[in-house]
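Trainee: Could we go through this structure together, taking the terms one at a time and setting each value against its definition?

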Amino acid sequence: MTLPEPCKPFWDAIVTARARDLWTQADLVQAANLARVQHAIESSPIGSDEHAKLTRLSMALARAVAVHPTATAGRAADQVNQNTAERKARQDDGDELIPRLRAV
């Protein structure tokens, strides 16, 4: 299966969402289709029937290859502690041992 060059950024994002050894040949074909659909979504007018159809197709393909949020990050209820820790870490200036970006 060939993948047009404009679809490659979507392909990269999709295939890195799962561990390499978990991808089957059939999954990779579906991932290529998902990359094509996501690229097509970019050029379809938001709110159009085409955009809605492509979005639904994209969601179905993401479920089929298990790259949707629940498969890659877990249930939202299970992420509460991680999100709380991340939020606190972003607010904490901490010490100077950990380099951080600061707005100037």
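Mentor: Let us begin with a pair of helices: α2 passes α3 in a left-handed crossing. This is a predicted model, in which local features need pLDDT of at least 70 and side-chain atom pairs count only at pLDDT 80 or more, while totals for chains, interfaces and linings use all residues. Residues are numbered from 1 along each chain as its sequence is written, and side-chain values use heavy atoms, with hydrogens and water left out.

Trainee: What makes the crossing of α2 and α3 left-handed?

Mentor: A crossing is left-handed if the near helix is turned anticlockwise from the far one by less than a right angle, and right-handed if clockwise. The passage of α2 over α3 falls in the left-handed class, whereas the crossing of α1 and α2 is right-handed.

Trainee: Why is α2 called roughly antiparallel to α3?

Mentor: The axes of α2 and α3 (residues 49-64) cross at roughly 155° and come within 9 Å. Angles under 35 degrees count as roughly parallel, over 145 as roughly antiparallel, 65 to 115 as roughly perpendicular and the rest as oblique, and therefore α2 is roughly antiparallel to α3.

Trainee: What makes α1 and α2 oblique to each other?

Mentor: The axes of α1 (residues 8-15) and α2 (residues 25-43) come within 8 Å and cross at roughly 130°, an angle that belongs to the remaining class, so α1 and α2 are oblique.

Trainee: Which residues make the contact of α1 with α2, and how do they divide by class?

Mentor: Contact means heavy atoms within 4.5 Å, and the residues that make it include Phe10 and Trp11 of α1 and Leu28 and Glu42 of α2. They divide into 9 nonpolar, 2 polar and 1 charged, where Ala, Val, Leu, Ile, Met, Phe, Trp, Tyr, Cys and Pro count as nonpolar, Asp, Glu, Lys and Arg as charged, and the others, Gly among them, as polar.

Trainee: What does the side chain of Arg18 reach at 2.4 Å?

Mentor: The side chain of Arg18 reaches the backbone oxygen of Leu22 at that distance.

Definitions and conventions
Axes are lines fitted to C-alpha atoms, for helices over the stretch in contact, and angles run from 0 to 180 degrees between N-to-C directions. Helices (H or I, at least four residues) and strands (E, at least two) are DSSP runs, numbered from the N terminus. A polar contact is a pair of N or O atoms within 3.5 Å; within protein, one must be able to donate a hydrogen and the other to accept it, and residues adjacent in sequence count only if both atoms are side-chain atoms.
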